[in-house]
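Here is a short report on selected packing and pairing features of one model.

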Amino acid sequence: MKLYIDFKEMTRIFANSANEDRYQLYEHETYGLLRALGSESVPEHLLFSRDIRLTADLLASFPENKVVLKVVSPDVVHKSDVGGVKVVPRLAGKVRSESRRMVDNVSDRFAAFLENNPDQVLEPYQGLSGKALRDAVNRRIRGVLITQYLPPESDALGNELLVSLRWTREFGMVITAGLGGTDTELFAERFRTGQAVISASTAHVSEEEFFELFQKTMAYEKLSGQTRGLDRLVSDEQILECFGAFIAVGNYFSPLNDTAPYIIEELEVNPFAMVDYEMVPLDGLCQFAPPFKVLGNRGIDPIGHLLHPQSVAIIGVSATKMNFGRNILQNVILAGFPREKITLVSPVAHEIDGIPCVKDLTGLGTVDLLVIAVGAQQVPTLVDDIIDNQRARSVILIPGGLGEKKGTQERTRKMAEKIHHAHGLEGGGPVFLGGNCLGMISHKGKVDTFFTPEACSPKRRHADPGPVALISQSGAFALVRMTGLVSGDPAYNITVGNQVDLTIGDFITWFAAAENIGIICVYVEGFKDLDGLHACRGIRRAVGNGKQVIVYKAGRTPEGKKATSGHTASVAGDYMVCTSCLSQAGALVTDTLEEFDGLMNLASALHDKEINGNRVAGMSPAGFETVGIADSLLSRDSCMALAEFDSGTNKKLAALFDTARLTDIMDIKNPLDLTPGAPDSVYMGAIEAMIQDKSIDAIVISLGSLSPATGDTPSADVPPGYTTVPGSITTLLPGLVASAPKPIVVFNDAGRAHDPINERLRQKGVPVFSSCGRAMSLLARYTAYRLRLRSLKQT
């Protein structure tokens with residue numbers, strides 16, 4: 001699509017404002033910017049400044065009998081809140097009188113607002129109050145903008161459009177679009193995420209991709225005339241061109257563009273009004289900044305030394321008690337790392353637990369991995385020595401108090417600057433994990449640097465790990481989730497802590513190409529500067545390599561509302577932008593920790609299964625559960641459909657029922673409602689028939705351990721907690737689940753007495769969920785995700 005953007009004119013407008021040491025455009029300047037951006041229908045406007053004599057001739061160019069007055073001030077952004085917007089007759093006398101009245105009213109109301117909200121007082125008004133504050137506000141009002149009155153095409157709810165750009169610390173330039181107008185925050189709050197507004201990183205989205213997302217919103221339904229009684233108000237081509245222009249402008253005036261003359265911090269149009277099949281920008285604001293550079297990402301190859309070291313050294317191991325360092329040493333040994341390749345740094349001991357010690361770092365040479373488990377106050381000096389004398393290729397910083405504690409920020413900042421500087425030198429310097437981290441576990445590298453004792457966090461060291469890389473900003477989260485993964489411990493368990501150097505995005509990018517990793521699971525509280533964008537690129541690479549990425553983003557409190565001037569931060573806050581960008585990159589973003597746990601287990605069991613559609617077959621010995629399966633087909637933004645059994649399946653089921661003498665009391669239908677008298681053979685035979693049925697994409701089953709005719713029975717009197725017989729469901733199901741090409745999802749809602757049976761299956765790698773609704777909702781989300789990944793790979 002051809003765009004009509006005049007970057008030279010946009011740069012000139014920015015330069016004129018910057019020459020006045022002003023980095024927020026007045027609204028009439030924003031109109032000029034939008035015209036240069038390619039907007040065809042900028043409304044007629046005139047700045048009525050204090051030095052202009054307004055006459056009827058100056059108003060003659062306005063086509064309507066009314067005009068709109070808007071106060072012009074570098075400080076008053078939400079004009080309507082202080083009486084700074086009014087519609088008046090297009091009469092010179094009326095315009096003059098109402099403009100003067102507006103200036104006085106705004107001076108009074110904005111001064112009162114500042115006095116009532118001292119945390120929002122701007123620099124020009126610091127220390128002022130009363131009449132002095134009111135006069136200062138009045139002096140900074142430049143005049144009144146007279147704009148063309150445009151009667152709305154429709155008074156129906158949701159017929160205005162918000163479009164904006166905003167530079168974000170984590171994801172770079174972000175475009176947002178959705179329901180506009182004065183109620184845009186209300187729409188975003190009341191509608192489900194993705195229905196009122198959408199956001200995306202301009203560096204990772206095309207106008208076609210963003211338009212595809214926009215088509216799922218309520219705003220598009222309104223504008224395209226899909227709601228009853230309304231006509232289409234604008235063409236798809238116009239919306240597509242608008243998005244394309246905003247994305248191009250966002251990428252041009254971005255710190256990621258080395259030649260950018262200025263940086264757009266925020267450009268918002270709210271709303272675009274739809275008038276006579278044209279998109280008219282009624283209100284606009286723009287904040288910008290001089291060009292600035294952002295730090296680039298280091299190379300990620302040195303992560304290999306961290307995860308697969310050939311030599312390990314630890315500093316901070318006590319020779320007399322079990323401290324963090326001693327626990328780390330014990331875990332490294334238990335993980336199977338060769339003892340002869342471990343060195344300890346201790347000024348007093350010659351050996352600890354049979355491992356030799358050196359007095360200080362000078363005795364090390366260069367090791368692949370150095371673990372630092374000493375007090376935070378010692379760390380900066382150690383880091384200087386490590387970098388200056390090439391003591392290690394990778395370092396883990398265990399201690400807290402490195403940036404997260406008040407008073408340590410400056411010390412940590414200087415340390416991080418030295419680390420970053422070293423990355424720019426020949427050889428790149430060492431990489432650092434942490435600080436304030438639990439450590440990391442690498443099964444392939446035979447290294448476990450968690451500082452928790454084995455008794456507190458037992459590992460399944462002799463079992464094969466699951467195909468999972470777990471990356472967590474919280475050590476406790478990583479510890480708990482490790483033990484809850486039914487496929488075995490994660491192959492890698494990384495806790496990043498404060499991310500002084502290595503970041504979440506670095507590890508996602510590294511694991512994107514790692515062998516034997518099918519799922520990357522991420523718990524994130526916050527990204528470092530531009531690391532969200534880096535993570536998105538890593539996610540794209542991972543899904544392109546056939547991997548799945550599951551993310552839980554913690555921290556949903558509204559942020560940034562006071563940091564920006566427009567509506568965008570309110571409707572597209574940090575959490576919404578983060579989850580939108582990660583999802584569009586190819587991640588499955590979970591809503592709750594419980595959903596994260598369920599999907600992590602489901603993905604670890606099903607990541608290599610074929611998922612060709614959303615047709616599901618269900619089976620249970622409880623009627624309420626078969627109804628529950630049917631009632632749970634819809635799940636938020638995903639859905640399943642009940643499959644129709646093919647003729648072959650119907651014949652196989654009929655034969656099973658006939659053999660078990662159940663034909664007279666059971667019907668063949670989906671979901672399959674089995675009688676409590678059905679034996680294990682009917683369960684297993686029905687599952688095998690469903691596996692072979694090409695009209696079924698996934699199978700959801702209840703264990704049926706309440707049924708008296710099955711062979712698995714709870715029994716508190718025996719050590720396992722249940723009794724079983726050869727050929728029972730518990731005996732045969734794990735092998736069938738593992739060999740089946742399609743997903744088989746299991747639930748058991750039979751009560752706590754049946755937990756031993758569920759746990760037996762989990763130990764065999766079969767996730768067992770607590771209810772049919774839980775199983776169905778997770779399967780629906782996972783199925784929709786897998787189908788979306790297939791679409792992403794095709795495009």
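In this predicted model, helix α12 (residues 379-388) packs with helix α13 (residues 409-423) at an angle of about 10°. Their axes are 10 Å apart. Angles under 35 degrees count as roughly parallel, so α12 is roughly parallel to α13. On the α12 side, the contact is made by Val379, Pro380, Val383, Asp384, Ile387 and Asp388. On the α13 side, Arg411, Met415, Lys418, Ile419 and Ala422 make the contact. By class, the contact of α12 with α13 has seven nonpolar and four charged residues. No polar residue takes part in this contact.

Next come the strand pairings. Strand β15 (residues 355-358) is joined to strand β13 (residues 342-345) by two bridges, and the two run parallel. Strand β15 is also joined to β14 (residues 351-352) by two bridges, here antiparallel. β14 and β15 form a hairpin with two residues between the strands. In that hairpin, Asp353 takes a positive phi near 55°.

A further pairing lies between β21 (residues 466-472) and β22 (residues 490-495), in the parallel sense over five bridges. The table lists one residue pair for each pairing.

| Strands | Residue | Partner |
|---|---|---|
| β13, β15 | Leu344 | Cys357 in β15 |

Strands β21 and β22 belong to an open sheet of seven strands. The order is β20-β19-β22-β21-β23-β24-β25, with mixed pairing. Which strands stand at the edges? They are β20 (447-448) and β25 (587-590). Each has a single partner strand, so one side of each is left without a neighbour in the sheet. Helix α15 (residues 504-511) lies across β21, β22 and β23 (519-524). This helix runs at about 175° to β23.

How many cavities of 30 Å³ or more does a search of the whole structure find? The search finds two. The second largest cavity has a volume of about 50 Å³. Its lining consists of Leu602, Ala605, Leu606, Val737, Ile744, Val745, Val746, Val766, Pro767 and Phe769. The elements that give two or more residues to this lining are α19 (593-606) and β34 (744-747). By class, the lining of the second largest cavity has 10 nonpolar residues, with no polar and no charged ones.

Definitions and conventions. Residues numbered from 1 in each chain as written. Predicted model: local features only at pLDDT ≥ 70, side-chain atom pairs only at ≥ 80, totals over all residues. Heavy atoms only, no water. 1 Å grid on protein atoms, 1.4 Å probe; cavity = no way out; pocket = protein on both sides within 12 Å on 5 of 7 lines; lining within 4 Å. Points joined across faces, edges and corners; volume = space filled by probe spheres on them. Helix = DSSP H or I, 4+ residues; strand = E, 2+ residues; numbered from the N terminus. Nonpolar A, V, L, I, M, F, W, Y, C, P; charged D, E, K, R; others polar. Axes fitted to C-alpha atoms, helices over the stretch in contact; angles between N-to-C directions. Parallel < 35°, antiparallel > 145°, perpendicular 65-115°, else oblique. Contact = heavy atoms within 4.5 Å. Pairing = 2+ DSSP bridges.
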